[in-house]
Amino acid sequence: MKTYSLRNKLILFVLTIALPLIFVTVYLIFSLYNYSNSYDDIVSNMTIANSYNLNFKNEMDESLYKLVVGAVTFDNIKEDKSLQDPYKLIGDLREDCSVLMQITTDKESKTWLQRLLRNIDTLEERVDDIKDSLNEGSHYDENIEMLDNNIYILTELIQDDIQYYIYYQTQSIENLKMMLNEQVQKFILLWIFLLFLIVTCIVLATVVLSDSITKPIRELCGVTRQISEGNFSARTEVKTGDEVSQLSDSINEMSEHLEIMVHQIKEDERKMRYAELRLLQEQINPHFLYNTLDTIIWLIEGNLSEQAVDMVMSLSSFFRLSLSDGKEFITIQDEECHIRSYLEIQQVRYHDILDYEIIMDEQIYPYKILKLTLQPLVENALYHGIKYKRAKGKITVRGSFLPEENGRKILLTVTDNGVGMEQEELERLQKEITRPCKETESGFGLANVNERIRMNFGMEYGMNIQSKKGEGTSVQVIIPAQRMAEPSERGAHEE
């Protein structure tokens, strides 16, 4: 019996259905080509016009009002991110309207564009009048009167012109829609005929080709499923003489080496993750250092030498514990000193909004913890909780053993009474911290801490976040109770 390659079988199958589809496609492209171009032009025109319809009047009125009342000047208005330069607004609108004049074909739409351009010129003249008046000095009442009687009316007229332009462009779309409906009716009739022909061809081709293609593929799927579940001894027995048979031989060969490769990939990934996380934890935010040094200079200039000395000592302790001679693990006592140094520095900078309390059971001091576990949590509580509160806030850090029924574990908690989070935001953050830190879109520091804990101690350990809008946030960290001399539950960390 003559055999055909899988490629030839598929080519035959594709040709069976391709020819009528090509005919339908050519007909459809030809019928809709002109409509598509016209529709795209109108939609593009309406998009440009609608952007000004939504924003131009409000931005122009607000900017000119702030100029008149002296909140900003023409020279520094660009520095205010909430305002726009009136001349830039006018220039952008004139430029876009000029482009629309060249590409708009509808007569009524062009009429309103011409009126719009005239009103833009008038508006620019009125802005010039206000600018001249402001340069001359105290003409506040006159400027307010010009705003009410000229500017606001002109921006209203411009907005009306834009809306009329959009209206007539919408009318053009309706005309195109009628043309399209006629084309669609013709296409439906043709498609019904061709659909019947295509379905008939597909059914016949499927019956002929199914046994020679689908049966060996189903056998391959069954074997690959076993391999994916960890059964690397599974083998296939496909002897069709085509590409599927070659694939079967390749799968058999692959399964012999897959276990070794998977193990090697996991080992390489683990080493890369360790290297990446070690690099991340050694990075020190330069802005924190710059701000701290600025505060020290400010204290010295203010003759507060004792406070400056205390802050320098806290900064020295902070960096000494951050580096820790390159060690991955430190004692909980050292970690407490680290966050205390950090909070002492930040309390000087944010003395009017920050208060803190550290309550640690001294019995957990000799136990080990990953370096830089609590500091990112305290920093997160300060910058995302306390700073956005409109009153003085407090950060509380606690540490103690969990009850014996939970095993030998230590519970560390960082709590703030800041702004807190909505339930939706909290759920999103809880999901983010369970992902690898390099894949997170937000909460990078928290994800980093959580991932390091799980990689070093196991998946049963890690972080839990609770928060309520307006009441604050609490981050709990659970780690095993291991003294510094004891090996990690997951083995010593590779250097």
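Below, a colleague asks how the terms used for this predicted model follow from its values.

Colleague: What does the secondary structure of the protein chain come to?

Modeller: The chain has 11 helices and 7 strands. Of its 495 residues, 38% count as buried. Among contacts between residues at least 6 apart in sequence, 71% join residues at least 24 apart.

Colleague: Why is helix 2 called roughly antiparallel to helix 3?

Modeller: Helix 2 (residues 86–103) and helix 3 (residues 107–136) pack at an angle of about 160 degrees. Angles over 145 count as roughly antiparallel, so helix 2 is roughly antiparallel to helix 3. Their axes are 10 Å apart, and the crossing of helix 2 and helix 3 is left-handed.

Colleague: Which residues make the contact of helix 2 with helix 3?

Modeller: From helix 2 they include Pro86, Tyr87, Ile90, Leu93 and Arg94. From helix 3 they include Leu113, Leu116, Leu117, Ile120 and Asp121.

Colleague: How do the residues of that contact divide into nonpolar, polar and charged?

Modeller: The contact of helix 2 with helix 3 has 13 nonpolar, 2 polar and 6 charged residues. Leu93 belongs to the contact, and Leu counts as nonpolar. Arg94 is also part of the contact, and Arg counts as charged.

Colleague: What makes helix 3 and helix 4 roughly antiparallel to each other?

Modeller: The angle between helix 3 and helix 4 (residues 140–228) is about 160 degrees. The cut-off for roughly antiparallel is over 145, and helix 3 and helix 4 are therefore roughly antiparallel. Their axes lie 9 Å apart, and their crossing is left-handed. By class, this contact has 18 nonpolar, 8 polar and 5 charged residues.

Colleague: Gln226 is found in helix 4. Why is Gln226 called partly exposed?

Modeller: Gln226 has a relative accessible area of 35%. Buried means under 20% and exposed over 50%, with partly exposed in between, so Gln226 is partly exposed. Leaving aside neighbours within four places in sequence, Gln226 is in contact with Asn231 and Ala234.

Colleague: What is the strand order of the open sheet?

Modeller: The open sheet of 5 strands has the order 2-4-5-7-6, and its pairing is mixed. Neighbouring strands are turned by 10 degrees against each other on average, direction ignored.

Colleague: What makes strand 2 and strand 6 the edges?

Modeller: Strand 2 (354–360) and strand 6 each have a single partner strand, so one side of each is left without a neighbour in the sheet.

Colleague: Why is helix 8 called roughly parallel to helix 9?

Modeller: The axes of helix 8 and helix 9 cross at roughly 25 degrees and come within 10 Å. Angles under 35 degrees count as roughly parallel, so helix 8 is roughly parallel to helix 9. Helix 8 passes helix 9 in a right-handed crossing. Among the contact residues are Ile339, Tyr342 and Leu343 of helix 8 and Val378, Leu382 and Tyr383 of helix 9. The contact of helix 8 with helix 9 divides into 6 nonpolar, 3 polar and 3 charged residues.

Notes
Residues numbered from 1 in each chain as written. Predicted model: local features only at pLDDT ≥ 70, side-chain atom pairs only at ≥ 80, totals over all residues. Heavy atoms only, no water. Axes fitted to C-alpha atoms, helices over the stretch in contact; angles between N-to-C directions. Helix = DSSP H or I, 4+ residues; strand = E, 2+ residues; numbered from the N terminus. Parallel < 35°, antiparallel > 145°, perpendicular 65-115°, else oblique. Left-handed = near helix turned anticlockwise from the far one by under 90°. Contact = heavy atoms within 4.5 Å. Buried < 20%, exposed > 50% of the residue type's maximum accessible area, 1.4 Å probe, protein only. Pairing = 2+ DSSP bridges.
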